[in-house]
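User: I'm new to this structure and would like a close look at one part of it. Could you take me through its aromatic rings and whatever sits around them?

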Amino acid sequence: RIAEEMKKLLCGEAAAQVLDEYREVFGCLIPELTATFDFDQLSPYHNRDVWQHTLAAVADVPPVFELRMAMLLHDIAKPVVFVLDDNGRGRFVGHPQKGAEMAEEILNRMRLPRRTVQRIVRLVRYHDVKVRPVRPEVRRLLALFGESGFEDLLAVKHADAAGKYEKYLAEAEERNQKLRR
């Protein structure tokens, strides 16, 4: 029942606003989300806390359940893996891998179909992977994701960049165009 309601909500026009307005409710449904609320990233790449960045990413990605759920969960592990370096900068080493593990647990708890879980978990795991627009790297990702899955990954990367400073969005758009070519 929770999964069906989440599908309706996440694919709605005002998904990010509803998530923010009722964040305590969603924190009860997915307790792992509560650690992201007001969590300052202390990063020169981010102008928002983890929760606000997540909401911006959810709002940017197309209203497809798997994409929106991937964006809701893509940085869920940041509070778990956070360390402060010697310069006072936040680091999140391994957050995509840990986030994928957490996402799989959350999605299985929601009793989503196995294929749906695998698709979302794969997007969470690879959302932050650096891909150069060279044939071997693109072919490897195409083999892993397939053509439509590769487009999903590009949409996720775009949405992740949309939740940062504006200059990163332009860079992501340019990189995605090169990867498509």
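Which residues do ring pairs link into a cluster?

Analyst: The cluster is made of F39, F82 and F92, joined by ring pairs. Before we zoom in, keep in mind that this is a predicted model: local features need pLDDT of at least 70, side-chain atom pairs count only at pLDDT 80 or more, and totals for chains, interfaces and linings use all residues. Residues are numbered from 1 along each chain as its sequence is written, and side-chain values use heavy atoms, with hydrogens and water left out.

A search of the whole structure turns up 4 aromatic pairs. One of them joins F39 and F82, with 5.2 Å from centre to centre and 85° between the planes, which is edge-to-face. For the terms: rings of Phe, Tyr and Trp (its six-membered ring) pair if their centres lie within 6.5 Å, and planes under 30 degrees apart are stacked, over 60 edge-to-face, the rest tilted. The F39–F82 pair links distant parts of the chain, 43 residues apart: F39 is in the loop between α3 (23–29) and α4, while F82 is in the loop between α6 (78–81) and β1 (83–84). Those labels are DSSP runs numbered from the N terminus, with helices (H or I) of at least four residues and strands (E) of at least two.

F82 also pairs with F92, and here the centres are 5.5 Å apart and the planes sit at 45°, so this pair is tilted. F92 lies in the loop between β2 (90–91) and α7, so the pair ties F82 to a part 10 residues away in sequence. Buried means under 20% relative accessible area, exposed over 50%, and partly exposed in between (1.4 Å probe, protein chains only).

Now back to the loop between α3 and α4, where F39 is found. D38 is in that loop, and it has a positive phi of about 60° although it isn't a glycine. D38 counts as exposed, at 51%. L42 is in the loop between α3 and α4 as well; its phi is positive too, about 50°, again without being a glycine. L42 is partly exposed, with a relative accessible area of 38%.

Another ring with a charge over it is F65: the charged end of K7 is 5.6 Å from its centre. F65 is among the buried residues of α5. The elements covering it include α1 (2–10), α2 (15–21), α4 (50–60), α7 (95–109), α8 (114–126) and α9 (135–162).

F65 also belongs to the contact between α5 and α8, along with E66, L67, M69, A70 and L73 of α5; α8 brings T116, R119, I120, L123 and V124. Contact means heavy atoms within 4.5 Å.

Notes:
A charge sits over a ring if NZ of Lys or CZ of Arg is within 6 Å of the ring centre and within 35 degrees of the ring normal.
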